[in-house]
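Subject: Structure handover

Hi,

Here is the structure for you to look through. My notes follow below it.

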Amino acid sequence: MSRNKFIVGTFLLSSLAFSQESKKEVVDATVLKTVYLDSIKATFTSHNTSNCIDERWLAELANEEIFEDMYADVTETDIDSTVAFDLSTEVLKKRLKRLDDKSPFNIEYNPALENVIKTFLKKRQGAYERLMAISEYYFPMFEEHLAKYDVPLEIKYLAIVESALNPKAKSRVGATGLWQFMYPTGKQFDLEVNSFVDERYDPLKATEAACQYLSSLYRIFGDWSMVLASYNAGPGNVSKAIRRSGGSQNYWNIRKNLPRETANYVPAFLATMYIYEYHKDHKFKPKKAPITYFETDTVMVKRRITFEQISELLDVPYEQIVFLNPIYKLDIIPYQEDKAHFLRLPKDKLGLFVSNEDKMYAYVDYLDSFREKTILPDVNEEVIVSSTKYHKIRSGESLGLIASKYNVTITQLKKWNNLRGNSIQAGKNLKIFTSEKVVSKSYSNSSNATSNQVYKVKKGDSLYSIAKKFPGISADDIKKWNGISGNNIRPGMKLNING
């Protein structure tokens with residue numbers, strides 16, 4: 001065998017050995033994680049649990065197809081074109097009159113409204129049967145908030161026109177969530193948007209904001225049809241349409257002066273209300289919802305935790321957690337001392353979380369121990385610190401003289417300052433890169449670092465993670481030295497470390 005072949009063979013064997021060792025470490029970590037997860041779940045206070053939302057129902061709740069169809073109907077349909085459908089105009093007028101008698105909306109017959117109703121009955125029966133099931137999930141929560149703000153309960157149908165009841169719906173212009181808030185309007189009503197969170201996706205918070213916004217619009221216009229138009233187009237556009245229509249306060253009279261989407265928007269809302277109220281007359285067969293929004297609840301998290309960790313611990317499908325918590329953009333629930341964040345779960349799973357909360361966070365800490373940490377220097381360890389200085393050239397100075405002064409070479413000076421020759425000009429500045437050894441004051445690995453220390457708890461700390469900072473110290477030691485009975489600590493707390 002030639003020397004080159006021997007070297008190559010040795011390298012391949014070494015690489016294979018290293019690869020196998022790396023794989024072994026990964027496998028070992030996975031096994032350890034699984035063993036720890038199983039052991040911690042075995043100690044959970046038990047509850048009768050079930051997966052309340054099956055996969056088919058979950059897919060229905062998150063359906064984007066209906067939203068796209070509804071958006072197209074509102075933005076693209078020519079509602080002034082006659083539609084053929086077996087529904088007489090006289091029957092429709094009588095039904096609309098009955099709706100008008102019991103509603104604060106001005107529901108009067110109009111040929112355009114007839115066309116929209118017939119279009120939906122003809123093209124969208126299947127979609128509305130599905131929406132009626134989804135509405136069983138959301139409508140009880142909507143109605144509670146609408147009643148709180150004295151907003152007509154019929155406004156619940158607005159969320160169908162806006163988003164087809166899809167909490168993750170996003171329009172082409174960036175309107176987001178069940179109630180389709182644009183970013184500035186969402187901020188106006190305290191819906192937070194940051195790297196982790198978008199509260200426009202949160203059904204509860206967005207519904208609260210929608211009720212506030214609709215109430216404020218009613219104080220301006222005093223007519224609910226005008227409120228709907230301004231919710232879609234903005235109060236400024238509606239005010240302009242009123243002026244261009246000679247001051248008319250009737251939606252149908254100003255409709256021709258509204259943007260096309262808004263001109264279709266109120267008829268789509270009224271058509272939806274009609275279909276819900278008269279679906280039996282049109283032989284619609286609504287699907288049933290196996291769960292309502294009120295059969296879920298929230299718990300405030302006290303530690304940053306991922307959807308994956310929650311799924312592993314509670315045996316809740318990942319997709320369920322994503323659906324129930326659309327507010328979190330990265331599938332991570334952050335922890336902030338000054339801002340509460342909540343996890344929504346089916347009520348029985350929530351009970352399991354609350355009863356075993358300390359163990360849940362212990363598992364999070366355990367997984368955190370596998371992350372590679374930054375290695376800090378020991379006490380009195382010398383480290384190299386670089387800095388940049390500037391030297392102002394004096395008359396008579398040469399590159400050699402300046403290089404000698406700063407203990408660098410002429411070549412370095414020329415390279416740092418893009419000089420080709422040795423000529424320099426008085427009054428100009430030369431860039432000088434210097435480095436020096438300094439002594440680190442870190443105590444992270446010092447043998448006596450833990451002697452009578454006081455540690456101030458930071459955001460995200462746990463007893464387990466703090467103990468790891470001090471060699472030979474356990475979480476139980478810290479609890480004993482500080483008289484702590486449970487595992488709860490809070491940022492700003494000072495802990496005695498008596499190592």
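The largest cavity in this predicted model is lined by Asp73, Thr77, Ile79, Val116, Thr119, Phe120, Asn264 and Ala268. A cavity here is a set of points, on a 1 Å grid over the protein atoms alone, where a 1.4 Å probe fits but cannot get out; lining residues have an atom within 4 Å of a point. Helix H5 (111-123) and H13 each give two or more residues to that lining. H5 gives the most, with 3 residues. Helices are DSSP runs (H or I, at least four residues), numbered from the N terminus.

The largest cavity holds about 40 Å³ of space. That volume is the space filled by probe spheres set on the points, with grid points joined across faces, edges and corners. Its lining divides into 4 nonpolar, 3 polar and 1 charged. Nonpolar means Ala, Val, Leu, Ile, Met, Phe, Trp, Tyr, Cys and Pro; charged means Asp, Glu, Lys and Arg; the others, Gly among them, are polar. The structure has 3 cavities of 30 Å³ or more.

Next, a helix pair. H3 (residues 65-76) packs against H13 (residues 260-277) at an angle of about 120°, and their axes are 7 Å apart. Axes are lines fitted to C-alpha atoms over the stretch in contact, and angles run from 0 to 180 degrees between N-to-C directions. From H3 come Asp73, Val74, Thr75 and Glu76; from H13 come Arg260, Glu261, Asn264, Tyr265 and Ala268. This contact (heavy atoms within 4.5 Å) involves 3 nonpolar, 2 polar and 4 charged residues.

Then the second largest pocket, with about 580 Å³ of space. A pocket is an open set with protein on both sides within 12 Å along at least five of seven lines. It has 30 lining residues, and the closest to its centre are Lys302, Arg303, Tyr361, Ser462 and Asn487. H17 (357-368) and H20 (463-467) each give two or more residues to the lining. H17 gives the most, with 5 residues. By class, the lining has 15 nonpolar, 6 polar and 9 charged residues.

On confidence: pLDDT, the predictor's confidence in each residue from 0 to 100, averages 82, and 83% of the residues score at least 70. It stays under 50 over residues 1-27, which have 1 contact beyond four places in sequence. Residues 440-451 are also below 50, with 26 contacts beyond near neighbours in sequence.

Residues are numbered from 1 along each chain as its sequence is written, and side-chain values use heavy atoms, with hydrogens and water left out. Local features need pLDDT of at least 70 and side-chain atom pairs count only at 80 or more, while totals for chains, interfaces and linings use all residues.

Best wishes
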